[in-house]
Amino acid sequence: MPTLLIKNAHAVATFNDEGSELRDAYVFARDGVIESLGPSVDAPLTADEIIDASKCVVIPGLVNTHHHMYQTLTRAIPAVQDAELFTWLKGLYPIWARMTPDMIHASALTAMAELLLSGCTTSSDHLYLYPNGAKLDDTISAAQQMGMRFHAMRGSMSVGESAGGLPPDSVVENESAILKDSHRVVEQFHDANRYAMIRVGLAPCSPFSVSQDLMRQSATLARSFKGQGVRLHTHLAENDHDIAYSREKFNKTPTEYAEDLGWLGEDVWHAHCVKLDVHGIARFAATGTGVAHCPCSNMRLSSGIAPIRKLIDSGVRVGLGVDGSASNDGSHMLSEARQAMLLARVGRSLRPFGCDDGGRELSARDALRLATRGGASVLGRDDIGVIAPGMAADLALFRIDTLAMAGGAVHDPIAALMFCASPQAEYTIVNGRVVVREGQLTTLELQLHIERHNRMALQLVNGD
């Protein structure tokens, strides 16, 4: 079985229950699983692959809990650069309707490349439109090519404008076809085993693009795979328009709407949740429902600041998500964690003067914990997010002798990952395999791919 030794690490942040941080340490893995770690003097003498990490910080691979990878083709579209969520969606739906399977695949490669280079080893993707023969298979094949641990969410939209929904009828699907294909992709691709590289879940898009019946049937279908860990995901309580829509259409808050449909529980996580009220937070905590916090997207679309500290303190499982690359315009997971830390502090400053509950927002280590253990918990995984024996060998190494880290890593190399300008990973290791080596992808000819991706982006937006 192949072995990997990371030796002489300047620092190792394990994010175990004790928050252990090691100096001058090693991590040893066999067949994609961490076997031991500790002081460098105790390291094994040999391994199939040896990495000298004397100038590196080692952390668990970052975990991205929400993305729309196809959107990498429509970053910075001029017409919607200053739009809020609903206007932004209406401007982009007609463009996305022209996507092809090749475009879906290429856009996923781009998103995964950016994630891996930022130290992210596991990502969810919420693909909810399937024009021109596109399938969830197109993103799964991209993950297999890139060597990324992947949670592929079979999204869907079924309520078009003619039925009172937000998307145009051209990008919605028949609900029976959605459920049939949802069953197919779970049967074909979902791996319930420990250390699985591919898992599949069901993800009707949002309250304003699917019917209540599809929400219920999707939940029933996912839970029919008993003990297999087929999870449920959707958007919820993203902005004020979202709240108003739920009130007008269903006479419920988003949380009440979700709970009535069976969409609260340990097998469910919701993206954004910017506008969760006190009742919503309490119900999420009581039911074990998870949240994907997407700070960059929430700022880009003027959605607001999610109550992350309140969620965490209430016991809600919270992870981070970069969200779609047309609402974030980037897939840099370490940067997302930094933004979560900073935005939480801005939120605190917006409270009325003198209104101080004595609490704190996010520390650097809090933010990194959300990006590692938090994300693993949200995705229902107990095999990633921590550096410990028996955990998957998913690791990210960042150099401390770079310009970005100068003057910071010498004081606190772990916190410097958050406070200093977000660096790129020197090594990213997934399942014991090096997929980023010395800052370069090993699984994709990046420059050739970028050129192809840019040609597709122009073709898509110009309608060629």
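This is a predicted model: local features need pLDDT of at least 70, side-chain atom pairs count only at pLDDT 80 or more; totals for chains, interfaces and linings use all residues.

Residues are numbered from 1 along each chain as its sequence is written, and side-chain values use heavy atoms, with hydrogens and water left out.

A nonpolar core here means a set of buried Ala, Val, Leu, Ile, Met, Phe, Trp, Tyr and Cys residues joined through side-chain atoms within 4.5 Å, where buried is under 20% relative accessible area, exposed over 50% and partly exposed in between, with a 1.4 Å probe and protein chains only. The largest such core has 125 residues, and Ile-59, Trp-88, Leu-89, Trp-96 and Met-112 have the most contacts inside it. Helix H2, residues 101-117, gives the most to this core, with 11 residues; helices (H or I, at least four residues) and strands (E, at least two) are DSSP runs, numbered from the N terminus. Apart from that core lies another, of 22 residues, with Leu-4 and Val-12 among them.

How do H2 and H14 lie to each other? H14 covers residues 446-462, and the two helices pack at about 135°, with axes 10 Å apart; axes are lines fitted to C-alpha atoms, for helices over the stretch in contact, and angles run from 0 to 180 degrees between N-to-C directions. H2 and H14 are therefore oblique, given that under 35 degrees counts as roughly parallel, over 145 as roughly antiparallel, 65 to 115 as roughly perpendicular and the rest as oblique.

Lastly, Arg-154 sits in strand E8, residues 149-156, and counts as buried because its relative accessibility is 3%.
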